[in-house]
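User: Please take a close look at a single part of this model. I would like one connected explanation, with the terms spelled out.

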Amino acid sequence: MNRAWPAIFPIALLPLIFHWMPLWRRNGIWFGVTVAPGYTDGPEARSVLHRFRIAIWLLALAAVTVTALGAPADFPWAFPAAMTLELAGALTAFAHARRQTLPHAVSPSPVRSASLTVAPEGLPGGFAAVLVPFAILGATALYLSLNWSRIAERFPVHWGIDGSPDRWSGRTWQGVYTPLLLGAAHCGVMLLIGLGILRFSPRGRVAANAAASAQFRRVILQFLVAAVWGMALLLAAVSLAPVLGERPLGNWPPILIALGLLALAIPFVWRLIRIGRTTGGGGDGTPDQCWKLGIFYFNPADAAIFVEKRFGIGYTINFANRVTWLFGGLILLFSLVPVLLRYL
């Protein structure tokens, strides 16, 4: 059996996501462009969507072919090349669809709203949402320290797409504790992003959509907190594996973990899609001309750091805001911690 076949799953999942992603948007936005009410239900909009989807599935067919024919031992670049083909092709197809939509753009209303009485907001779960994941990682580190002699001399630390180990480590402090430090760094990054969304995302710029925007932000924060807890539990389990001995499920754990993470994300994605569909017209309060390729937001006149995406679900950053780069530097610093540990 070709060991590349397990890679077909993520390759086939991407076109399914991209197929529906243009519909995961605010009402009044079509391929990153502010359009008139009712335009998205018309024949021109549907024609643009149809051509976009054809391009996505043709790219998927090419990516699956490359992956299926490329044996990992002989063509280790096949899977990365297939993923790059799909991602770059999808962005190109989106940019082309946006160019086709731009002639139908309408100017959003210049009227902006702002609440004088802002309801207090915070991370779902309060301090527990922040402290418990780090407590889980800390307790795991303590358990490993107390059971050091039970840790295997050599154990896997990375698994391939088919679930078989492809990288090993030994019983050293870097090998044992790096997954936990990696978890702490990743949890810190996600919580930092959550705090940034709380503090530096716009509030109710379009009066008709203010309630939906607040609900959207709340669900995003709930998803971030759930992801932080999931990350802490996952990496704690990975760190405990050398103590627990043989894996009773063989090569299935990485696949089961991937399916579990997907199952975690689906309810939040569904809620966000429904919120986007309940918004009124008028766009999101950001100018179309500040969206480069419909994906990258560049507006030096906007004090916001995080704004809602126009392609996909969630938030993106304002690349023209200087504070954004400082915030991004802090995130990069957190992300580099596990890499720097390898040289200590």
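Analyst: A68 counts as buried because its relative accessibility is 17%; buried means under 20% relative accessible area, exposed over 50%, and partly exposed in between, with a 1.4 Å probe and protein chains only. The model is predicted, so local features need pLDDT of at least 70 and side-chain atom pairs count only at pLDDT 80 or more, while totals for chains, interfaces and linings use all residues. Residues are numbered from 1 along each chain as its sequence is written, and side-chain values use heavy atoms, with hydrogens and water left out.

A68 lies in helix α2. Helices here are DSSP runs of H or I with at least four residues, numbered from the N terminus. The C-alpha atoms of A68 and F79 are 9.0 Å apart, although eleven residues separate the two along the chain.

Helix α2 (residues 43-69) has a partner in helix α3 (residues 78-101): their axes come within 9 Å and cross at roughly 170°. An axis is a line fitted to C-alpha atoms over the stretch in contact, and angles run from 0 to 180 degrees between N-to-C directions. The two helices α2 and α3 are therefore roughly antiparallel, the term for angles over 145 degrees.

Contact means heavy atoms within 4.5 Å. Among the α2 residues that meet α3 are V48, F52, L59 and V66, and the α3 side includes L85, A93 and F94. The residues of this contact divide into 16 nonpolar, four polar and two charged. Nonpolar covers Ala, Val, Leu, Ile, Met, Phe, Trp, Tyr, Cys and Pro; charged covers Asp, Glu, Lys and Arg; the others, Gly among them, are polar.

Technical notes
Parallel < 35°, antiparallel > 145°, perpendicular 65-115°, else oblique.
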